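Please look over the sequence and the model shown below before reading on. The explanation is intended for a reader who meets this structure for the first time.

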Amino acid sequence: MCGIAGVIYKQPNRTGEALHKMLGGCQHRGPDSTGLALYGPDPGEALVLRIFLAADLARDEVSWQQREEVVAQVLSAQGFSVESTWRDAAQMRIRGTFSGDVQKLSYAVEDIPGVEIFSLGHSLEILKDEGTADELEARFGSDAFVGYHGIGHVRLATESDVNPSTAHPFWAYGFDDVAIVHNGQITNYFKLKRRLEQRGFRFRTENDSEVIAVYLAEKMAAGTSMEEALEQSLTELDGTFSFLVSTPEGIGFAKDPIGAKPMVVCETDEVVAVASEEVSLRNMFGAQEIDTFEPFPGTSYTWSRSTLATATSAT
Amino acid sequence: MVEIDARDRDIRDVNRQLRQMAEEHDQIVLLNPGARHNLAVGLTSRVELTVRGSAGYFCAGLCDGPTVYVEGNVGWGFGDNLMSGRLTVDGHAGAVCGVGQRAGDILVRGNLGSRAAQVMKGGSIVALGNAGYRAGSMMMGGTLIILGDAREALGEFLMDGEIYVGGSIHSLGEDAVEAELRDGDLDKVRELLARHGLEPPQNLRKIISDQRALRYAEYESGELLFEQASEEKAAAAAADGNRDTMNFDSD
C-alpha cells in the first residue's frame, strides 16, 4: 500500500510537524518505515549530507568511530571541508562546504563499504528509519524543522527489504536536492534502471521507486522543467503510481493513467497539502474546515515557491 | 436521537456500538469521524445515521436498510455491496463508490472518483457533480446517473444496467454504446431523481452495453441446458395460457 504526503507553505512554517501529522494519519497504509524529505527555507552555501552507516560492525570489526573517520577522510580527499558532524548510531549528518561535482563526491562516499548517502543538498535533508512517524519524530526532533515545503512517506514493503535504506523518500542519487516519495509499483523499473546505468548513473537499492528519482532528476538537470518531466513520466513510467517529487523550488505530483493509487489535495490561502488519504489532511488541519479534491488519473501538477502566491487550483 | 463520538476510539468498537444503538434508536449522529476508514459498516436496520464530517474508505459498506447521511466527503468504496437503504454524501466520493451495489440508492452531491459503480448489480447511484475515469465499469445492472461530466472510458465493459449523463462525455469505454432514450427511460430517471428531490436535466444521454465483448459466440454446455429448460418451461406455460415465467431478457 504505502502512504505519501507533501506540503508547501506560502510562508516558512513547521513543515516537519505538518508532515508528521499527515503521516501519523495514514500510518495504517505503511507500518514498516517512515521518512521525511525536508527543505530548509533558503539554500545556503553549505552542503548537507545525511549518511547511513549500513556496515555490519561486528563482522567488519570496525567501530562507529573508525567508520566515521573513513567518511571524513574520503570527503576531505574530494575537497569537502567539514564544518560540523552529528551522529546517532548508524545515522550521520555532515555539514560543510564543497564546490566540486556533487555526483563525483557522492559516488566516492558510497564507494566506502557499508556507507550510504540518504540525501545530499544545499537545502534538502532526508530523515528516514524503520518504524512509525512518532518514532521518527522522537529520534530526529523533526517537528521543529522550519521551511516552505517537504514530502514524506509511510512504507508497506512490497518489492524490497525493510531497512532504513529502502525507506522512502528516495534521494536522486548523484543529484543534489531532489527527492521523491512513491505509492505503487513501477513495472518497467529494470529497463529504466539499466538505461540509466548505461549512461553512468548509479543506484543504491533494489527498490523500484529509486528509479523515479534519478529518472526525473536527470531530466531536470538537462534543463527540462519539473512540470514537463512529470508530464513525460505519465507515459514513460509503466505500472501503478501516485508519487511526489520535490526540489528546492517546490513540489509536484504524477498519477498513473489507470488511477490505481489514491491522492487527495487541499489548497488553502496559506498552504497546499497533498496526501494519499483525506484522513491525513484532516489530521494536519485539525478542526479547520477544508475542501479537498482527488486529482484525475493520468494527470500531473506542480506547485513552486515562486508562483504559489499567484497560482490557481490544480483542476 | 442519540450521539456517538468516534474521536480516539477503535473503529470496530464504534461500529459494534452503532449496531447496538441502531436496534434501539431511530436516529443516530456520529461525531468526529475524522475521515477514518470503515465507519458505519454492516448496519442492517432501518436506522437514520448522520455522520458529522468526512469519512474514509468503505464507509457504510455491507449495509442493508439504513439511511446514512455524510456531511463531508467519503474515501474509496463508499456503500460497498449496499443491499438496501439510502446513502447520501454532501461532498465528494473517492474511487469505487457503490462497488458491487445490489439495491438501494446512493446520492453524491459532489464528484465521483474513478471507477464509480464498478460491478454494480442493482439500485441507483446519482452524482450531482462529475464522474472520474471508468465510471460504470463492469456494471451488471442498476442505474448510474451522472448530472455533470463523465471522464475517460465511461462504462468500460459494462454488461447490463444503464448510465445516464447530463453533461459531456470525454470518451466511452470498450463495449459501451450510446443509445436512444426509449419510452419510459425518462420516467425512470425522473422517479429515481425525485427520491432525492431532483429533476432530470435537459439533453440526458443514455449509455448501455454493446453486449459484444463479454459474451461468447458459443453457449457453454450448462448454459444451453438452462436455456432449453427455460424455453420448455415457457412453452409449457404458454400452452397453459399462463405466462408466469421469469423473464430473463432485461429489455
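The paragraphs that follow lead from the model as a whole to its chains, a sheet and a single residue.

This is a predicted model, in which local features need pLDDT of at least 70 and side-chain atom pairs count only at pLDDT 80 or more, while totals for chains, interfaces and linings use all residues. Residues are numbered from 1 along each chain as its sequence is written, and chains are lettered from A and ligands numbered from 1 in the order in which they are written. The model has an ipTM of 0.77 and a pTM of 0.84. The pLDDT is the predictor's confidence in each residue, on a scale from 0 to 100. For chain B, the average pLDDT is 91, and 90% of the residues reach at least 70. Where pLDDT is low, the predicted coordinates should not be read in detail. A contact here requires that the C-beta atoms of two residues, placed from the backbone, lie within 7 Å.

Chain A may be taken first. Its C-alpha atoms fill a box of roughly 55 × 40 × 35 Å along the principal axes. Of the 315 residues in chain A, 51% are buried. A residue counts as buried if 20 or more other C-beta atoms lie within 10 Å of its own, as exposed if there are 12 or fewer, and as partly exposed in between, with C-beta atoms placed from the backbone. Among the contacts in chain A between residues at least 6 apart in sequence, 73% join residues at least 24 apart.

Chain A is assigned two domains: domain 1 comprises 3–36 + 133–304, and domain 2 comprises 45–121. These bounds come from an automatic or database domain assignment. The centres of domain 1 and domain 2 of chain A, taken over C-alpha atoms, are 25 Å apart. Between them, ten residues of domain 1 of chain A are in contact with twelve residues of domain 2 of chain A. On the side of domain 1 of chain A that touches domain 2 of chain A, four residues are nonpolar, two polar and four charged. In this division, Ala, Val, Leu, Ile, Met, Phe, Trp, Tyr, Cys and Pro count as nonpolar, Asp, Glu, Lys and Arg as charged, and the others, Gly among them, as polar.

The secondary structure of chain A consists of nine helices and 15 strands. Helices (H or I, at least four residues) and strands (E, at least two) are DSSP runs, numbered from the N terminus. One open sheet of chain A contains five strands in the order β9-β10-β11-β12-β15, with antiparallel pairing. Its edge strands, β9 (170–171) and β15 (300–304) of chain A, each pair on one side only. Two strands pair if DSSP finds at least two bridges between them.

Strand β10 (residues 179–186) of chain A pairs with β11(A) in the antiparallel sense over eight bridges, and G184(A) has F241(A) in β11(A) as its bridge partner. Strand β12 (residues 250–255) of chain A is joined to β11(A) by six bridges, again antiparallel, with L244(A) bridged to F253(A) in β12(A). Two residues lie between β11(A) and β12(A), which form a hairpin. Five bridges pair β12(A) with β15(A) in the antiparallel sense, and G250(A) is opposite S304(A) in β15(A).

Chain B has three helices and eleven strands. Of its 251 residues, 45% count as buried. Toward chain A, 16 residues of chain B are in contact with eleven residues of chain A. The side of chain B that touches chain A has four nonpolar, ten polar and two charged residues.

T50(B) lies in strand β3 (residues 48–51) of chain B. T50(B) is partly exposed because 17 other C-beta atoms lie within 10 Å. Beyond its neighbours within four places in sequence, T50(B) is in contact with V29(B), L30(B), Y69(B) and E71(B). T50(B) and E71(B) are 21 residues apart along the chain, and 7.4 Å separates their C-alpha atoms.
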